[in-house]
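Colleague: I would like to learn how to read a few features of a model. Please take them one at a time.

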Amino acid sequence: TQGELGAIRTVVIVDNSLSIRQTYREGIKDFLKELVAARRDGDTFTIATFAKDITYLVQDSNDYLDIRNRIDAFSFVDQETFFSNTLYDVLTDLEGSSAGIYTRVIVIADGVDNETLGYTESELHEKIQDALIPIYTIGCSADNNEENLKNMFSLSRLSNGKSYLADEIGFPGILQDILQDTDIIKITITPPDALCDGTVKNVRISFGEAYCGAELAMPFKELAAEPETAPETTALPPETAPAV
């Protein structure tokens with residue numbers, strides 16, 4: 001087992017519809033730019049907006065100037081948004097490419113409404129549980145959207161992420177809390193061959209008196225077949241020639 005400061009892969013998806021009030025819009029952009037400015041070597045950022053489909057502004061980049069320019073360039077427009085579909089598709093894309101690197105998703109929106117098309121609530125919840133990627137939700141208040149915000153914040157609890165109401169803590173406070181992730185340590189575990197059977201096992205990681213648990217998918221390693229043992233034989237004493 002080895003421990004080291006690990007790189008962080010951050011994927012931010014922003015609802016850029018007009019349902020996000022004018023009072024939040026510059027704060028959202030400033031938050032994104034400050035989040036990227038605090039990056040470390042190896043950290044990467046993917047930033048996207050979403051409506052019916054997702055639009056990637058930048059993918060897996062560490063170039064602050066380029067990311068800042070793309071953040072400044074996007075605008076808030078009159079469009080219908082499909083939150084569940086977007087998050088489901090993002091998690092599906094990340095599942096096959098997040099192994100070995102700490103990946104987190106940050107969502108900025110005014111909540112999850114009752115969408116009539118696309119993935120169901122249960123399908124989205126199952127995807128979140130399978131992906132094992134923490135989701136940080138940042139909620140923006142709108143007219144009568146309390147229930148939608150509750151639905152969105154529940155996704156953070158389901159994924160072991162965090163939720164924030166922008167009105168309560170403000171974007172600077174949210175930024176400082178999220179930046180605490182930089183203390184995360186990457187732990188590399190090499191399981192014994194006998195456990196490499198491709199199943200999911202419960203693992204307990206101890207840090208002195210503290211500990212945490214996790215479910216880990218074991219790699220599959222075919223064990224070498226044991227050599228066949230020759231059948232046992234009983235040696236007979238040599239015959240003695242008769243005396244003449």
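Predicted model: local features only at pLDDT ≥ 70, side-chain atom pairs only at ≥ 80, totals over all residues.

Colleague: How many helices and strands does the protein chain have?

Modeller: Helices (H or I, at least four residues) and strands (E, at least two) are DSSP runs, numbered from the N terminus. The protein chain has six helices and ten strands.

Colleague: What share of the contacts with a separation of 6 or more is between residues 24 or more positions apart?

Modeller: A contact means heavy atoms within 4.5 Å. Here the share is 73%.

Colleague: What percentage of the residues is buried?

Modeller: Buried means under 20% relative accessible area, exposed over 50%, and partly exposed in between, with a 1.4 Å probe and protein chains only. Of the 244 residues in the protein chain, 39% are buried.

Colleague: Where is Leu132 found, and is Leu132 buried or exposed?

Modeller: Leu132 sits in the loop between helix H4 (121-131) and strand E6 (135-139). Its phi is positive, about 55°, although Leu132 is not a glycine. Leu132 counts as exposed because its relative accessibility is 62%.

Colleague: What is the phi of Asn160?

Modeller: Asn160, a residue other than glycine, has a positive phi near 65°. The loop between helix H5 (146-158) and strand E7 (163-165) holds Asn160. With a relative accessibility of 71%, Asn160 counts as exposed.

Methods: Residues numbered from 1 in each chain as written. Heavy atoms only, no water.
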